[in-house]
Amino acid sequence: MAERKDWMNSRKCPVNACSIRQEYIIPADVPYPDYYKQQNALTEAKKRIPELKAVHSQVLQDALKRLDKSFKFYTERGFGFPRFKKFGQYRSFVFPQFKSNPVNGFEIKLPKVGAMPINLHRPIPDGFEVKQVRIVFKPSGWYAQLILQADISVPDVMPHGEPIGIDLGLEKFLAVSTGELVERPRFFVNLQSKLRWLQRQLRNKKKGSANYRKIQAKIRQLHEHIYNVRREFHFLTAHKLCDNAGMIFAEDLNLKATRRGMLAKHCLDAAWGSFLEILKWVCWKRGVYFAQVDPNRTSQTCPQCGAQTGKKELSERVHHCHECGYTTDRDVAAAQVVVQRGLAFVADGQSVRLPAEEGCLGTPFAKRSR
């Protein structure tokens with residue numbers, strides 16, 4: 001990190017002038033210290049810093065890969081300038097490869113660490129081998145994430161069975177095209193007062209003291225509890241949707257836009273992006289077809305006749321079509337439009353069109369005999 005930062009600072013000022021505050025004297029012919037140059041310099045660094053010998057070489061290389069990735073995100077994607085990791089912020093490290101299976105019964109053997117007892121949640125399936133191990137520190141303890149590999153091919157799930165569409169929101173977590181509404185638990189909001197109380201306690205403690213670290217641990221545990229409860233709710237909801245459906249369609253939302261505005265806290269608390277990723281994985285695991293469709297004007301289109309009903313205010317929670325008189329919950333109507341667009345996408349295979357353009361009038365989400 002320091003090598004890259006000094007090299008970039010030495011190239012800031014013009015060649016015919018010097019900085020008023022300070023100057024980084026690095027010759028002009030010195031190349032940029034990218035990942036490969038820093039990796040080759042690890043051997044000399046171990047001679048100068050004996051503490052590095054206690055760490056496995058591939059773990060050190062993985063740290064350089066993370067650094068290189070952060071600088072690429074900074075230059076290519078416009079992310080913020082990378083910063084030094086403070087004490088306690090580096091909470092995971094990776095062993096990228098193994099010659100043999102490191103898991104033996106209820107122990108895992110790690111290079112430079114030795115055999116460590118583990119609580120094996122489930123046995124490794126036959127035909128799979130351990131390729132990588134990531135050690136992660138969480139407030140509840142240390143975890144070993146095993147990355148397995150097997151020479152098998154899983155075919156893509158084809159459209160089949162009963163189609164349903166879902167519409168995500170804040171009034172209700174999601175609405176299903178069949179008319180079902182799922183309440184949104186307030187994971188973070190319900191525990192925000194407790195979090196605020198702990199943070200006030202932390203403010204009154206001396207930084208770095210034992211009591212300061214105890215309050216920090218309680219705050220981390222509360223954040224982990226919120227994360228676990230939210231993730232469990234997402235998995236349970238995804239499995240419930242897959243119980244009675246062969247195809248699930250959802251909106252392809254612009255999640256970056258939901259992070260801004262006065263409802264940003266509630267949008268982040270609902271974690272729509274995390275839920276869609278979990279739903280996609282659960283659908284693949286259970287053989288349910290999943291696709292995302294165009295989200296534009298789903299709440300402005302009548303699912304019964306395809307007419308445009310105009311933009312609705314957030315306080316308007318009922319859909320009423322002036323053309324055909326169809327009345328239902330606003331979110332349910334949007335979910336019905338989503339399933340129509342999904343069926344049009346499955347039939348077309350290239351583009352998603354409005355129900356009126358596809359001729360998908362009526363209610364294709366009605367129950368059909370299997």
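## A strand with two faces

Strand E3 has a covered face, made of Ile108 and Leu110, and an uncovered one, made of Glu107 and Lys109. In a regular strand the side chains alternate between the two faces of the sheet. Strands here are DSSP runs of E with at least two residues, helices are DSSP runs of H or I with at least four residues, and both are numbered from the N terminus. Buried means under 20% relative accessible area, exposed means over 50%, and partly exposed is in between, with a 1.4 Å probe and protein chains only.

This is a predicted model, in which local features need pLDDT of at least 70 and side-chain atom pairs count only at pLDDT 80 or more, while totals for chains, interfaces and linings use all residues. Residues are numbered from 1 along each chain as its sequence is written, and side-chain values use heavy atoms, with hydrogens and water left out.

## The sheet around E3

E3 belongs to an open sheet of 3 strands in the order E2-E3-E4, with antiparallel pairing. Its edge strands are E2 (103–104) and E4 (114–117), each of which pairs on one side only. Two strands pair if DSSP finds at least two bridges between them. Strands of a sheet pair through backbone hydrogen bonds, either parallel or antiparallel.

E2 and E3 (residues 107–110) are joined by 2 bridges, and Val103 stands opposite Ile108 in E3. The hairpin of E2 and E3 has 2 residues between the strands, and Gly105 takes a positive phi near 65 degrees there.

Another open sheet has 5 strands in the order E9-E8-E7-E10-E11, with mixed pairing. Its edge strands, E9 (181–182) and E11 (289–293), each pair on one side only. E7 (residues 163–168) and E8 (residues 174–176) run antiparallel and are joined by 3 bridges; Ile166 stands opposite Val176 in E8. E10 and E11, in contrast, run parallel and are joined by 5 bridges, with Tyr289 in E11 as the bridge partner of Met247.

Helix H10 (residues 330–348) lies across E7, E8, E9, E10 (247–251) and E11, and runs at about 130 degrees to E7. Such angles run from 0 to 180 degrees between N-to-C directions, and the axes are lines fitted to C-alpha atoms, for helices over the stretch in contact.

## Phe290 in strand E11

E11 is mostly covered, since 4 of its 5 residues are buried. Phe290 is placed in this strand. Phe290 counts as buried because its relative accessibility is 16%. Contact means heavy atoms within 4.5 Å. Leaving out residues up to four places away in sequence, Phe290 touches Ile248, Ala250, Leu276, Leu279, Lys280 and Cys283. Phe290 and Phe188 are 102 residues apart in sequence, and their C-alpha atoms are 29 Å apart in space.

## Nonpolar cores

A nonpolar core is a set of buried Ala, Val, Leu, Ile, Met, Phe, Trp, Tyr and Cys residues joined through side-chain atoms within 4.5 Å. The largest has 35 residues, and those with the most contacts inside it are Leu174, Leu241, Ile248, Phe275 and Leu279. At least two residues of this core come from each of E7, E8, H6 (192–203), H7 (210–243), E10, H8 (264–270) and H9 (272–286). H7 gives the most to this core, with 9 residues. Another core lies apart from it and has 9 residues, among them Val59, Phe98, Val103 and Ile108.

Not counting residues up to four places away in sequence, the residues touched by Ile248 include Ile164, Leu241, Leu279, Val288 and Phe290. In soluble globular proteins, nonpolar side chains tend to be buried together.

## The whole protein

The protein has 11 helices and 13 strands. Its radius of gyration, taken over C-alpha atoms, is 27 Å, well over the 21 Å that the globule rule gives for 370 residues, so the protein is more spread out than a compact globule. That rule is 2.2 Å times the number of residues to the power 0.38. Taken along the principal axes, the C-alpha atoms fill a box of roughly 80 × 60 × 50 Å.

Of the 370 residues, 32% count as buried. Among contacts with a separation of 6 or more, 60% are between residues 24 or more positions apart.
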